[in-house]
Amino acid sequence: MLLPARTAVLNYLYGVKNADIAQIMEALKPLYGGERQFTKDRYMDHVMSLEANGMVSLCSYDLDQNGELRMRYEINDDGRSAVDKYVDKKYRK
């Protein structure tokens with residue numbers, strides 16, 4: 001059984017210092033890569049929703065080697081509390 005994709009994004013950020021969308025998707029690809037909704041736009045929506053709900057914060061941004069905006073996010077205390085409360089430890093890394 002898999003976590004809902006948005007919860008999986010939050011759970012991934014729980015275990016790393018910070019990450020951009022490409023890093024999040026690369027980490028989740030083995031489990032979620034076969035889903036039709038496994039797209040950059042959808043995962044950007046997940047992260048932005050988590051940010052709007054106060055669970056992650058934008059910590060830095062820059063341009064990647066292709067000149068595209070790369071935004072890095074980190075989980076905050078409210079996000080950590082949500083993972084601690086709602087995500088079973090067997091899903092945490």
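## The hairpin

In this predicted model, strand 2 and strand 3 form a hairpin in which five residues lie between the two strands, and Gly67, found in the turn, has a positive phi of about 80°. Strand 2 covers residues 56–63 and strand 3 covers residues 69–75, and the two pair in the antiparallel sense over seven bridges.

## The nonpolar core

The largest nonpolar core contains 24 residues, and those with the most contacts inside it are Val9, Leu10, Leu13, Ile24, Leu28, Tyr32 and Tyr43. At least two residues of this core are supplied by each of helix 1 (5–14), helix 2 (21–32), helix 3 (40–52), strand 3 and helix 4 (77–86), while the largest share, six residues, comes from helix 1.

Val9 can be followed in detail: once its neighbours within four places in sequence are left aside, Val9 is in contact with Ile24, Leu28, Tyr43, His46, Val47 and Leu50.

## Where helix 2 meets helix 3

The axes of helix 2 and helix 3 come within 11 Å of each other and cross at roughly 110°. Because angles of 65 to 115 degrees count as roughly perpendicular, helix 2 is described as roughly perpendicular to helix 3.

On the side of helix 2, the residues that take part are Ile21, Ile24, Met25, Leu28 and Tyr32, and they meet Lys40, Tyr43, Met44 and Val47 in helix 3. Sorted by class, this contact of helix 2 with helix 3 has eight nonpolar residues, no polar residues and one charged residue.

Terms used: Residues numbered from 1 in each chain as written. Predicted model: local features only at pLDDT ≥ 70, side-chain atom pairs only at ≥ 80, totals over all residues. Heavy atoms only, no water. Pairing = 2+ DSSP bridges. Helix = DSSP H or I, 4+ residues; strand = E, 2+ residues; numbered from the N terminus. Core = buried A, V, L, I, M, F, W, Y, C linked by side-chain atoms within 4.5 Å. Buried < 20%, exposed > 50% of the residue type's maximum accessible area, 1.4 Å probe, protein only. Contact = heavy atoms within 4.5 Å. Axes fitted to C-alpha atoms, helices over the stretch in contact; angles between N-to-C directions. Parallel < 35°, antiparallel > 145°, perpendicular 65-115°, else oblique. Nonpolar A, V, L, I, M, F, W, Y, C, P; charged D, E, K, R; others polar.
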